[in-house]
Amino acid sequence: MTTTPPSATPAPTSDPTSAVAGLASPRTLHSTWAPSYGDRRPPATEADLDAAAELLAGHRVVALTGAGISTDSGIPDYRGPDAQPRSPMTFQQFVGDPGFRRHYWARNHIGWHHMNATAPNAGHRALAALERAGVVSGVITQNVDRLHTVAGSRHVIDLHGHYNEVICLGCGHVIPRAALDARLLELNPTFLEEITELGDVEIAPDADAVIEQTRQFRTASCERCGGVLKPNIVYFGENVPKERVARAYAMVDDADALLAAGTSLAVQSGLRLVKRAARDGKPVVIVNRGVTRGDEFATLRLNAGTSPALEHLVHRLG
Ligand SMILES: [Zn+2]
């Protein structure tokens, strides 16, 4: 969801969904909210972490995670305290501009090969351990990197999809990203070598990479209907599928506490789950570096990195 278009511009201040009427309802994965890090809070102390453990003890805890939990795996968080402002690609840009799409797929072709090589970190492993211990009932993640699943979490909802699948916008057919890779390699036999030699590769949260030399890249279309292929990821300006939203709400309703980790809760798809838990009087613990959009709904708010904080919870609760 956070990719850089060919000519990066500052974050949009207007709603990009208005550009293409009918493609997106008001409940879209788009936010002009940006965290202010002017009021950096003091880092959480051991006593704060103990308080979080105490608050969550004896509860069925649903975890909600975002980009901040994957930064320790080398995947940058474009909303984090130290992030440079980036302009996320919108769904409208992807469907509306063949040149943009070609550029996107060229970058995705490189990024995918890197994304597949990333590994879970202590934070992912801690949530998997807490699930095995019967503390965490499930993980709802806004990340598309699949690292929770790789780490061993069994009940995972990839709220925004994941980078390992591709969907046809024409017929809805879903194929594994690996299957498309073979076709892209065939269509662009020398592309990866040339780009590697240029050394101009950067990993992004949605398996994207930043390159400029994409003009010659050849994209693939759906083998069934010839339609446009898109990573099965929810872009800015696009809705989370209703069925998935329902499953996420059900997982929150089934739990009796919520732990948000590594997310600034900038987009509604995550924030509304926090609101739901708070509305029902459930304890809400937020672990994040910097302020979040959901702070007002938190029972306890910890300014901390996810790896040490979640490991601490494993020691206390696991
Ligand atoms: Zn198709």
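**A first look around**

Modeller: Let's start with R146, which counts as buried because it has 20 C-beta neighbours inside 10 Å. Buried here takes 20 or more other C-beta atoms within 10 Å of a residue's own, exposed is 12 or fewer, and partly exposed is in between, with C-beta atoms placed from the backbone. This is a predicted model, where local features need pLDDT of at least 70, side-chain atom pairs count only at pLDDT 80 or more, and totals for chains, interfaces and linings use all residues. Residues are numbered from 1 along each chain as its sequence is written.

Biologist: Where does R146 lie?

Modeller: In the loop between β2 and α5 (147-151). Helices (H or I, at least four residues) and strands (E, at least two) are DSSP runs, numbered from the N terminus. R146 also has a positive phi of about 65°, although it is not a glycine.

Biologist: OK, new topic. In what order do the strands of the open sheet come?

Modeller: The order is β3-β2-β1-β7-β8-β9, 6 strands with parallel pairing. The edge strands are β3 (156-158) and β9 (300-303), each pairing on one side only. Two strands pair if DSSP finds at least two bridges between them. From one strand to the next, the twist averages 15°; axes are lines fitted to C-alpha atoms, for helices over the stretch in contact, and angles run from 0 to 180 degrees between N-to-C directions.

Biologist: Is β8 enclosed or open?

Modeller: Largely enclosed by the rest of the structure, because 5 of its 5 residues are buried. V284, I286 and N288 cover one side, V285 and V287 the other, and all are buried.

Biologist: And how many bridges join β7 to β8?

Modeller: 4 bridges, with the two strands running parallel. A260 stands opposite I286 in β8. The chain gets from β7 to β8 through helix α9 (residues 268-279), in a right-handed β-α-β crossover. Right-handed means that, with the strands pointing away from the viewer, the path from the first strand over the helix to the second runs clockwise. On to the next pair: β8 and β9 are parallel too, over 4 bridges, and N288 stands opposite N303 in β9.

Biologist: Which strands does helix α1 lie across?

Modeller: Helix α1 (residues 46-56) lies across β1, β7 (257-261), β8 (284-288) and β9, at about 145° to β9. Helix α4 (residues 122-132) lies across β1, β2 and β7, running at about 145° to β2.

Definitions and conventions. Two residues are in contact if their C-beta atoms, placed from the backbone, lie within 7 Å.
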